[in-house]
Structure formats: structure tokens, C-alpha cells
Amino acid sequence: MSYLPYAVAAWICLWGIAGIATSRNLIHLAVCLTVTQSSSYVFLLAVGYVEHGKAPIFLGTKLGSTAVDPVVQALALTDVVVSVAVIALILALALDAHRLSGTVDPDRLADISG
Amino acid sequence: MTWIPPLLVTIPLLAAAVTAGLDHVTPEPVQDALVVCASAATTALAFVLLWQVESHEVVHWFGGWRPHHGVALGIDFAVGPLAAGMCAVIGLVVTLALVYSLTFLREAARAFDALMLVALGAMCGFAMSGDLFNLFVWLELMAVSAYALTGFQVERLGPVQGAVNFAITNSLGGYLFAVGIALVYARTGALDLAQIGNALAHGGAGGLVIVAMTLLFCGFLIKGAVVPFHLWAADAYAVAPAPVCAVLGGVMTDIGLIGVARLYWTVFSVPFGHGHAVGDVLVWLGIVTAVLAGTMAFLQRHLKRMLAYSVVCHIGIMLAGIGLLDSHGLAGSELMFLAHALLTAGLFFVAGILHVDHALIDELHLRGRGRGSWVPAIAWFAATLGLIGTPYVGIYLGHGLLDEGATELGRAWVPALLWLGSALAGAALLRAGARIFLGWGDETDPLLGKVVEEEPVERDVLRPLLVGVALVAVVLGLVISVVPGLGQRAGYAAQRFRDTRAYAARVLHDRRMAPPQSLPISLEHTTPESLLYGAGATIAALGLAVVGLYRRRLPRVVSAVATRTLAPPIRVLHELHSGVVGDYVTWIAVGTAVTGGVWALLLHG
Amino acid sequence: MSRRTRLLVLGPALAGLAALFAWAIAGLPAFGDYRGPYGFVLNRVVVPLRHTTNVVMGTTFDVRGIDTMGEEFILFAAVLGVTLLLRDEARSRRAERRTRRLPSDAVRLLGVAMIGAGLLVALWLMAFGYITPGGGFQGGVVFAGAVVLLYVVGSHRDYHPFRDEEVLDPLEALGVGGYVVVGLAALVSGGAFLTNLFGLGETGALVSSGSIALLNWASAIAVSCATLLLFSEFLETYVVPLDAEDSAA
């Protein structure tokens, strides 16, 4: 059981990649990209978990009581912002693609190649 | 002088915030001046820093959180000559691109300027950072600004497709990198590169470290457009405005390689440094990249797409130089980075001038139209020779050092293959130059990909400014090989960069470093082999260019045989570069799995 | 590649990646067995050194404050990028935009209540972020979310003041620029960039933790504005499909 969270994270990552590679819709694809990124949150938070640890907020808790790693939480926060930024740009591009070509299917978007 | 490193990041970022925030109230000339001054000031400070770091690594601990007993708490910028040199070149190229775009892009100019400055700050931060997660932050910051800049010309589908492919593949690379960070952090409980290296010295490497390295390196190689992760590059560069291409192709793509080098010598050389397995994989990736991208460049008719493949080709050569894992190879790659950044920027600037003059960007359509544009023509041909590595110009010195390193390591066949790549890419550029500026060659060539036309760009430009900027970039790039003392300093920078122990001691324990030996100010010598290779590559490129121009006039037997043998693989190559992002992501998965698998086999046990 | 070929290539590649992941996971410490040292050290030192009781925010805005600066600029660049990418879209759609009020008063009342509650929660998250769970980022996002509810329960016109670029752009720049300026102030005073400058105050009090409070507010402003700008860029281009009846009204 103790490796399950890591396995879940790996599974999310691979499933997200499969989704991105086979997606027929840019909006769906953007969501798949977010799924892949969620795997890094799960990995980070799982890695920093301390058994029986509380949140690293020491208000009314004695300093030095068991708490989980605060670093991974700060990293996950940054990671979330990255994800927001990327998804916003891809959705904007999806809107542009739809306006210009009437489709959001990345397979049919291939204007340039070779 | 430890206050300079944070300024290289904060000056451009603050200027970006001011530019965007005061967009509605500030008159245009003031804004333009602010943007160019901020970029130029960053460049100037980078040069001051370069002079400062001569004797020791300048380390800046943000927030004053210095390490205690070898445990880093905060984030540091640790700047040696290599990182400072990178910042200087990055600043130079971005400044040139901003000056170029003063009249080249007038529409939505504020957002454009602000994003360029953000990219500048992010690239400098990336070059200097000594913290694994901080590297990721700068990587994503430059990526987000680059995606938007690529899709700048939203009135056509091509830029949208290019930006989509760019954004999706590079974001995926970023996420693989993030997972790699989590794995490394689980093993070491540290994010500071020096401290991670120390932690990995104990307790064996094992599968965890090998997989983490694979994910981290592949993240960078996607950014660096190394085969098979390179497919996005041509789509993105083909459609971005010329000054954006100059920054993307000149410095931003190459920066992924700096990441690889930085991570290897601070972290992964500790567990894996005793063998050559890590380096050999990088060398092979580099060789395949150089030859394949050189070939692809030769098969293009769209100028910016051709240049994109030329960039990828040289990235392969630089990656191979890093993969040799010795000081000569790394120093060679540094010098190539310098020359390549400026020459590539210059070529993109010339392509932009042609685009403005004729509203065309296609080699065949432009045939003969560049007649009379002498200065752009000279800039184009000179920059091309510089990129081939003709003796004593452009990338030649870097390539020479790389050859020397490879020969010393008993891999004399590596340079031969790399020179082939640069000859192929150079042949493409020579052919295009001859067709456009001299009107030589046939009017059609079915072997070159399909036509992609672009919207005409801004006509109301200050043309002498564009030509001047292009010329400055090309001249600076050409003389890199003959600047006295530069070769020796690159070698010294490489030695410092590769000294894992001294770096860790300096960063974590604030130790003084050994004083530098005084370096001569003379021309670095290159071997006769390099001279032969350089001359050979130039002749081969000229020959191939002529064949490309007058393919139809070859004797019928020759051309029939050539068509029968070459046409099928060329068709396959064109089809592989399909422009479909699902394919690209599939290749990323394949590349990551194969690279990881090879390292698993070579490094395990 | 045809989709079929793509699947045939992708399958083995993913299997290979899965094997690599399995190998890596086998080498990880068991879940719950975090061995440090980084997190343990921070949990020990941040509260006494910085008088903030929320160590995550202490990490975000002080120990790893430069990461957060980069992160703010990522959001800033995303807003600029989306504005740039949607400039044609916005131009072509602006003319045809219409609005429709929600028909049910009960729903609108509930919505208004939710806006109020949302704003309160947002302010609490921002103001007490370095003491209790929360922070400028979380508060900023909740704040923008509450304002966007106005678009849902009210109408385009009610929402209008909250998408005024001439106000939001400078405010956002003030947020991200302010973050940099606080960092530079430390540099000018002779310390390292982003050194905590101001009086640390009493642990657990609202006025405590020095620069962390300022940086927290800077990012609260930046994130609120950035999120609002992102929302309005997309709402701008979104056209509500109208029935004939509605457009007549």
C-alpha cells in the first residue's frame, strides 16, 4: 500500500500523455495536459508526506511537532500557476484556431509541415 | 559585486511590468527608449559580471538565506564565466532584436516588448540559477512568453498551429522535468544543485536516479529541440516574426543545452562520472540531430523553416560537444554558442528584410528578387560561411576545440559526422542565398516541401536600421573565431564549469577558489585536421548548393539513380515532420522511453 | 502518421515509460517516510526567524521568494500573451455581444450572497495568509472568482467596471512590479535581494513577518488582477447563444 500514491501519480502522467497524443480537440488536449501536470503535484505532495504529520502551520501547535514538508507545498503552488498560464494560452490559441479554420482538431490543423 | 546577478533578472522584469502597466499613459518614444535601455543595461551589467567572475564564482543567496553546515535553505545564483558569458550573449541578441523590431513591428508593440523583456530576464535567471526548482521556474517563464510571441501574427492559421505545437510539446517537457524534480527531491531532500550532488555521492545511484536524470534531461532536450524532440522547432520558427525567431533560434533553444551541462556537472557527474555512458548517449543524440536536421534544412524552401533546421543542426553539434564530457568539448560548444547565436540572429534579420522588401519568404518565389540588395546579400553569405565553420570565421574555433577533444578521447569519427551536418545546413543556406540574391538555379524544385506563404509584414520600416542591426549581428558572430584570447578563456571557463567539487565547496561552504592562471591573449591554435575539416565542409557545402540549384542539369543517368534512391527516404522525412502535435507527443514518449532504457542498460550495475 | 500507426508507436513507448516509472518508484522511500532534511529544517527555523506561523507562506515569500517572483511573472506573461493572441478575436466579436439577465430572482439573490461571502473569504485568505492557511495567491483567485459571479448573476453591464483594462493593467503591473521593488529595496540597503527588511512583529499577529506581508499583498493584487484580466479576455470572446425572444427583449 505504501507505494500506491506514487503509482497513482505515474498512472496519471502516462494517461495524460496518451490523451495528449490521441486528442481530437484542442480543448480536450489542454485538459489532458493539465492531467499530466497533476501527476507532478501528486508526486510532489506524496514525496513530502510525513506519517501522522500535520499541516506545517504552527498556530496553536507546538513548534517541533510532526508536520509534513512545507517545501513541496510551495512548489506545488508554483506548479499550479504554471499550469494556469499554459492552459490559458492554449485555450486562447484554440479560439484563434477555431476562428481561422473552423476546427479545433489538432490533426486537421496541419497548415505547415515537412 | 554579488549584487549584479539579481539585477540581470530584475531589470528586464521590472521594465516589462512598467511597460505593460503604463501602456495607456506613456508616449511611444519614451516606452521604446525604456525597453531598449533596460535590455542594453542588462547586457552591459552582464559584461561587468563576466569580468568580475574571472577569479571566483559569484554566489548570491536570495533573502540572505545562506547555507548552514552544507544544507542550503534558500535559492542561489552561482555565476561562473560560462553563465556570465551566456547572459552577455543573451542580452546582446535580445537588445539587437528589440532595436530591430522598433519599426518592424508596430502593432501590439507594448505587449511584444514586455514579453521580450520577460524572456530576457527568464533566460538570464536560467543561466545563473543554482537551484533545481528555480531552473524550472525560469524555464516555464521563458516558455510562456515564447509561446505568445510565436503566435504573434494571429491573423493566419500557421502561427496558431506553430504556437500550439510549441506550447504543447514544451509544456509536456516542463512537466516531465517537474516529475524528475519530485523524484530527485524524494531521494535527496534537497533542491540546491550542489547539495543534491553531495547527497548523491552516498548510497548508490540505482533506478530512481537514472529515471530522474532521464526525465530532467529529456525535459531540457525538448526545450533544446534535439532529435526526436525537435519537431516543434521548425513549425514555431517558421511562423514567428523575424526578431522573435532571432531570440528563439539564437539563444532560447540553445539554453536547454546549458541546462543539460549544468545538471550533469553539478549533480549527475557525481554518481555517473566514472564512465562515459551518459556522455555517449548525448554524443549520439547530437550526431543524429546534426545530420538529420542538416538534411531537413536542405529540403526546405521556406527561409525561416530552413533556418530553424539549421539551428537544430548546430544544437546537435553543441550537444555532442557537451557529451564528450571534457573541457575541450565544452569550451568548443561555448564558442559555438556565441558565434551561432549572433550569426543565426543575423540570418533571421536578413530573412525579415527580404520579407519586408518583397512580402515573400519562400526561396523559389524570391528567386532573383534580392539582386541589388548588396549589404543583405553579403551579410547572408558571410553568416552562412560562419555557420559552416570555414577556417577562421564564425563557429570554426569552437568546432576546432571540439575536434581536439574528440580526438583526445579516441573518437575521431565524431567530428567528421558533425562537420557533415553543418555542411548540409550550410549548403541549404548557400543555395537559398544564390537563388535569391544572384538569381541562379531552377525556378522550381519538387523535392523541397510544400509552399507556405506569409502575410506581408509592416512596410513602413526604417530599412537602414534593419540592415544595420543584421550587419552588426553578423560581424560580431564572424569575428568570434579570431578574437585573441577568447579560446583560452573559453577553455578556462569550461574547466571551472566542470569542477564539481570546487563549485559545491564555493556554493555550500563559501570556500575561496584557486586563483586563475594568467591566460595569454593570443589566437587559440587549432589542429590541421580541423583546418581540413573546415575547408572540406565549405567545399562540400558549395558543391551541394550547386547540385541543389542545378539538379535538373545533372546527366540523366545520375539524376535517375539519385531520384530512385533518394526520393523515398526524403518523402519519409517530410512525412515524419507532419505538423501534427499528436505525432510530436508520440515521438517525445518514444524518445524519453528509449533514452531512459539505454541509460538503464548502460548505467545499471 | 495515421492515427493507427500513432497508437502502435505510442503503446510500446508508454509501456517503456511505465517500466521506467515502476523502477524509479521501487527506489523511493515508502509513502509517509519523508527523510528531509530541507522540509524539517524549514519547519524548525522559519517560525522563530520570520515570525510567520504558516511555514508554507514563509517558504513561498521568503526562503524561496525568488521562485514566487518568477511565478508572478509567469501569470503576468500569460495575461499579456492571451491579450496578444485574442486581439483579433476580441475585435471581431465585440460588436455582436449581447447580454441576458438571469430570469430567477431567487438565483440572483443567492448569487449576490455568494459574491459577498466569496469576497470575505478572499480578504481573509489574503490578510491572514502568513498566519493561517491561505495566502495572496489563493486569496487572489477566490477574489476574482467572486467578481466573476457578478457576470453570471448580474449582466455584462454590472460586470463592466471589473474588466476595465485601463485600471487592471496598471494595478497588475503594480503588483508584480511591487514585488520586484520590495526585493530591490533590500539590495539597495546592502543586503541580498528579497532580504526580509521590516520589523518582524509578534508571531501570530496581523502585523508580523516583515516583508512577507508586503510581498503577500503584492501578489494578492497581481493575482486578482491577472485572473480578472484572463476571465475578461475569454468572456469578451464568448458569445451567449440567444433565443429570438431574448434578443427581442
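Which residues touch the most other members of the largest nonpolar core? They are Leu89(A), Ile90(A), Cys87(B), Val93(B), Met123(B), Phe349(B) and Ala77(C), in a core of 377 residues. Such a core is a set of buried Ala, Val, Leu, Ile, Met, Phe, Trp, Tyr and Cys residues joined through C-beta atoms within 7 Å. This is a predicted model: local features need pLDDT of at least 70, side-chain atom pairs count only at pLDDT 80 or more, and totals for chains, interfaces and linings use all residues. Residues are numbered from 1 along each chain as its sequence is written, and chains are lettered from A and ligands numbered from 1 in the order in which they are written.

- Not counting residues up to four places away in sequence, Met123(B) touches Ile90(B), Met142(B), Val251(B), Met252(B) and Ile255(B); contact is C-beta atoms, placed from the backbone, within 7 Å.

**Chain B elements**
- Helices (H or I, at least four residues) and strands (E, at least two) are DSSP runs, numbered from the N terminus.
- In strand S1 (residues 58–61) of chain B, Val58(B) and His60(B) on one side and Val59(B) and Trp61(B) on the other are all buried (20 or more other C-beta atoms within 10 Å of the residue's own, with C-beta atoms placed from the backbone).
- S1(B) runs antiparallel to strand S2 (residues 76–79) of chain B, joined by 4 bridges, and Val59(B) has Ala78(B) as its bridge partner.

**Contact between chains C and B**
- Chain C gives 58 residues and chain B gives 63 residues to the contact.
- On the chain C side, H4(C) gives the most, with 15 residues.

Note on methods. Two residues are in contact if their C-beta atoms, placed from the backbone, lie within 7 Å. A residue is buried if 20 or more other C-beta atoms lie within 10 Å of its own, exposed if 12 or fewer, and partly exposed in between; C-beta atoms are placed from the backbone. Two strands pair if DSSP finds at least two bridges between them.
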